[in-house]
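Here is a short report for a reader meeting this structure for the first time. Please look over the sequence and the 3D view before reading on.

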Amino acid sequence: MFKGAGQEKGVDMLTKLQFSLSVTLLFACGFLYQFTLKPSCLICYLPSYKSQQGLEALLGRGRSIVFLETSERMEPTPLVCCAVESAAKINSSTERFWLHISSDASRLAFIWKYGGVYMDTDVISIRPIPEDNFLAAQKSQFSSNGVFGFLPHHPFLWECMENFVENYNPRIWGHQGPELMTRLLRVWCKLRDFQEVSDLKCLNFSFLHPQRFYPISFRAWRRYYEVWDTEPSFNDSYALHLWNHMNQEGKAVVRGSNTLVENLYRKHCPKTYKDLLQGPEGSVTREQSPGNK
């Protein structure tokens, strides 16, 4: 763990398979977190474990890699970062979903630190979001982590980061992402099914109806690449998640196809659409990205 100036800093690996997560969350929090109550003290650290017994159980297996920084530096240097990153890279090769897990960790830390709205890069915005603190329902009683927004230092996100480490499981896709958001949502809220197109209020944030961002479910993702007799208005939506992670078939936006996705490009990102029309093929090349879920 990293501690304050003049004290030891370190990173502890949960297990060989869990080490990469600890490093990712450490530096996501470490670079972004500052103590606001004591301006002279900057602390970079992983969320504290519930008990000393739990910490000993994690470190007592002899499978940890520990880095100690004993200087007056307030932030890790590039060399320190490289040392930790290289160790994480070498020891994370057995993790199937490493890139997705890194993305899940980073978005939590960034929004916790700075506040704002996080969106995956396969989300097309169609109108302003009138909420400061919200989660987006992917379906009834299940949260997405592809879109969410909070003001800085919101306690819900801090609990998400704690849960991220304490319940880490790299073998299940989404366990550190939408499953994590849903786990914490069930702790904070008394969930019930949505009524019509109304959002749910939960303490100091909102749980938004699936129509806000997911009017087309992941099972029906191909509908974006089809021609509709009557296209939906999306009047109840703020943005549309296009489920790029599902698009293993390489479907693209094709000029003149009159598909739903082509018309969305034409309407909501006209400059991008115009540039695409000038391309040699007149089509959008599908680009896979770890953040596109």
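The sections below cover the basis of the model, its nonpolar cores and its salt bridges.

## Basis

This is a predicted model, in which local features need pLDDT of at least 70, side-chain atom pairs count only at pLDDT 80 or more, and totals for chains, interfaces and linings use all residues. Residues are numbered from 1 along each chain as its sequence is written, and side-chain values use heavy atoms, with hydrogens and water left out.

## Nonpolar cores

A nonpolar core is a set of buried Ala, Val, Leu, Ile, Met, Phe, Trp, Tyr and Cys residues joined through side-chain atoms within 4.5 Å. Buried means under 20% relative accessible area, exposed over 50%, partly exposed in between (1.4 Å probe, protein chains only).

The largest core has 30 residues. Leu108, Leu135, Phe148, Phe156, Leu157 and Phe205 have the most contacts inside it. A second, separate core has 26 residues, including Tyr214, Trp228, Phe234 and Leu260.

## Salt bridges

There are eight salt bridges (a side-chain nitrogen of Lys or Arg within 4 Å of a carboxyl oxygen of Asp or Glu). One joins Arg107 and Asp104 at 3.8 Å, N to O. Arg107 is buried at 3% relative accessibility. Asp104 is buried too, at 2%.

Glu131 pairs with Lys201, with the closest N and O atoms 3.6 Å apart. Glu131 is buried at 19%, whereas Lys201 is exposed at 62%.

Arg222 bridges to Glu249, with the closest N and O atoms 2.4 Å apart. Arg222 is partly exposed at 37%, and Glu249 is partly exposed at 45%.
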